[in-house]
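Thanks for coming. I will go through one model today, starting with charged pairs and ending with a helix and a hairpin.

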Amino acid sequence: MLKVNSKGDCKEEVYNQLVQGILNGDWEKGCLLPSENELAQKFQVSRVPIREAIQRLKAMGVVESQQGKGTYVKNVDSESLMRSIVPLMSFRDTKQLIDILEYRKLVEPFCIRQIIQNCTEKEIDSLEEFVVSYESMEDPASEFKYYDTYFHKRIIELTGNEFLVLINNITASAMEYYLQYTIVNMDLEWAANGHIRILEALRKRDEDQAVEVMNGHLGEVYKKLMLLYRKDES
């Protein structure tokens, strides 16, 4: 586990090697994972795919982060780990992705209203970690996938609804998979600004504006996905 060989999809290879390392016992339960910088040096990649892989493992309950200490292996049971992985590998059909996005178009505006009604300013401010302007991104195509995935993940988490969080953990990987094929045709500056506008509306407690921006944000992604689906069908 010293180097990622595939430059085309290093994110998936990093993730797969981390999973394999945990299953093989390279990192046992309670073991502290190397830092993002150390893993990036080992795999000879940037920190972005390392961060994405670790976030996926967190969502699956395989690892957990402790503030000021690092990331520890939480679950090394092969059966439960594979039960978590299998659903994430099943959404590769474009129609299934459209179904997921239609679900998100219904759920995320609801989440926006829940956040405004129930969350503290500090909780809303926690979204800022995943709100980054297009101009500040060194590698927009790669970085936006990360920020988009975890911005929407945090939106779901802030509702406190454990069922919605579970469903999002299952479907987030599928949407991220879709992004790698459509991102070349997406206006990333517009999309990144959408996150900024959503956060601004949440801070103002402006439900209608926040929902309108979220609907436009997801609607644009939906259009791209429908174009891809029609192309596949033709």
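Predicted model: local features only at pLDDT ≥ 70, side-chain atom pairs only at ≥ 80, totals over all residues.

Residues are numbered from 1 along each chain as its sequence is written, and side-chain values use heavy atoms, with hydrogens and water left out.

Take Glu128 and Arg203, whose closest N and O atoms are 2.9 Å apart in a salt bridge. Glu128 sits in the loop between α6 (121-125) and α7 (140-157) and Arg203 in helix α9 (residues 188-204), so this pair ties together parts 75 residues apart in sequence. Helices here are DSSP runs (H or I, at least four residues), strands likewise (E, at least two), numbered from the N terminus.

Another salt bridge joins Glu207 and Arg113, at 2.8 Å from N to O. Glu207 is in helix α10 (residues 207-233) and Arg113 in helix α5 (residues 94-118), 94 residues apart.

Now helix α1. Its 15 residues (10-24) should span 21 Å at 1.5 Å a residue, and the end C-alpha atoms are 20 Å apart, which agrees. The expected span is 1.5 Å times one less than the number of residues. Just after α1, Gly25 has a positive phi of about 90°.

Last, the hairpin of β1 and β2: three residues lie between the strands, and Gly68 takes a positive phi near 80°.

Technical notes
Pairing = 2+ DSSP bridges. Salt bridge = Lys/Arg side-chain N within 4 Å of Asp/Glu carboxyl O.
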